[in-house]
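Please look over the structure below before reading my notes. They cover the sheet first, then the salt bridges.

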Amino acid sequence: MRNFKLPAIAVLSLALAACAVGPDYVRPTLATPDAFARADAEAGTDGTAAPEPGAEFWRGFNDPLLTRLVEESLTANHDLRIALANYDRANALLRGAKFDRFPTITGSASGSDTRSSSDQMPGVSNNGRDNESYSAQANVSWELDLFGRVRRNVESERAETWASAADLQAMQVSIVGEVARSYVELRGLQERLRVARENAENQTETLRLVQARFDAGRGTEFDTSRARAQLEATLARVPNLEAQVAVTEHRLAVLTGQTPDALIAELDKAVALPSLPQRLDAATPGELLRRRPDVAAAEHRLHAATARIGVATADLFPRFTLSGLIGSQAIDTSALFERASETRLVALGIDWSFLDIGRVRSRIKAADASAEGELARYQQSVLLALEDTENALVRYARARVEDQHLERASQDSLKAAKLARVRYEAGATDLFEVLDAERTQLQAQDAFADGRTRSVTGAIALYKAMAGGWPDREPVREGVASK
């Protein structure tokens, strides 16, 4: 044992000082614009302060129910639980990879009592043919990471864990955005449903008036049929809108981890659309890319793929394994741990598949190709993030402008419909003008409700593109193994 210490220590020192083979990861440099091209198109340039990207944006809509639904989705949504499980799995694999840096220690013990036959040991008594043996030992095995295979593997698993953490945050972005968008769409659908029902009531009154004139001999059946046809067309809008309301309520329930019927009674109580924020600010492209979790996940996976090149490259070189054994072996348990029963072994193993160099180089080529693919995926994620934000900026800005025109059109159409009714009752105009004004009123009010909905969902899309306001929290673990 004493003669082996010096070379073992020398090899160990060399292992600790060795450099890992394979390329070191360097973050790619990408050319990004200094500002968003559509930032000047963003509405709300009234000098008010823009919300901080880190704020929980849904609270800015001042809707307690929306806030509650978002909070519930962050803790109970099943897609988030899947992402959390993937993160936990990556963490477990990382911990396992880290253990490869240390010796593996195992223990074993055995005891036996054998008797040989008289043919095997002729002339020996029964007691003489009995044989007992007892042993206990501890085994140590340690791969000396001379060429960094273990270190590169740990580096790869660590990057994969970071990517899984970013995936979890990206799923939070997606779920919160979908909850907020679905909630706003629900309120918009309910407003459109109210408009349809209210216009149906007005048109019912018009039909009653026309029918009364016809019954009194002052109208025609043609007028009555036209008024009834327009009423039926308006009533036909109601079932489709009711179906869309129901589907959206079901979606919100499932997003919050509940059965589709769980929120019907609560969400059926229609309330006004959430108010729009006064101003939004997407900051700069560089700041955006630092916040986007999908971009971070793509970069971490590029890092992991780069490290796996080193893992594959290390197979070109021999593996050195230091192993040892210390134990005791005796024919009687009372002598098992006496000095004379001591056994020990120290060995340095070398494993080098130098004749398998073709397969090793093929694995290196495959790792290189994987890294190249991850680089392209990272570059694409950056471009998609910039595109997503530019699109959200211009859509939100144009929706705000459209919203203003639709609001004025809705107000004027309502006034025109009232004036047409008054003129018709006074005999100053015919029924066609009344029906046309009522049809225009319905279209304008429905378009305004739909446009206001798109304005608010546009704000949500912009917040989602900015990836701001996502809290540092985890969904609830239910613990299948503990049940």
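1. Four strands make an open, antiparallel sheet, ordered β1-β2-β3-β4. Strands are DSSP runs of E with at least two residues, helices are runs of H or I with at least four, and both are numbered from the N terminus. Two strands pair if DSSP finds at least two bridges between them. β1 (104-115) and β4 (342-351) are the edges; each has a single partner strand, so one side of each lacks a neighbour in the sheet. From one strand to the next, the twist averages 20°.

2. This is a predicted model: local features need pLDDT of at least 70, side-chain atom pairs count only at pLDDT 80 or more, and totals for chains, interfaces and linings use all residues. Residues are numbered from 1 along each chain as its sequence is written, and side-chain values use heavy atoms, leaving out hydrogens and water.

3. Antiparallel strands β2 (residues 130-144) and β3 (residues 319-330) are joined by eleven bridges. S135 faces Q329 in β3.

4. The structure has 33 salt bridges (a side-chain nitrogen of Lys or Arg within 4 Å of a carboxyl oxygen of Asp or Glu). R192 pairs with D446, with the closest N and O atoms 2.8 Å apart. R192 is in helix α5 and D446 in helix α11 (residues 431-466), so this pair ties together parts 254 residues apart in sequence. D446 is buried, at 11% relative accessible area (buried is under 20%, exposed over 50%, partly exposed in between, with a 1.4 Å probe and protein chains only). R192 is buried too, at 18%.

5. R194 and E198 form a salt bridge (2.9 Å, N to O). Both lie in helix α5, four residues apart.

Technical notes. Axes are lines fitted to C-alpha atoms, for helices over the stretch in contact, and angles run from 0 to 180 degrees between N-to-C directions.
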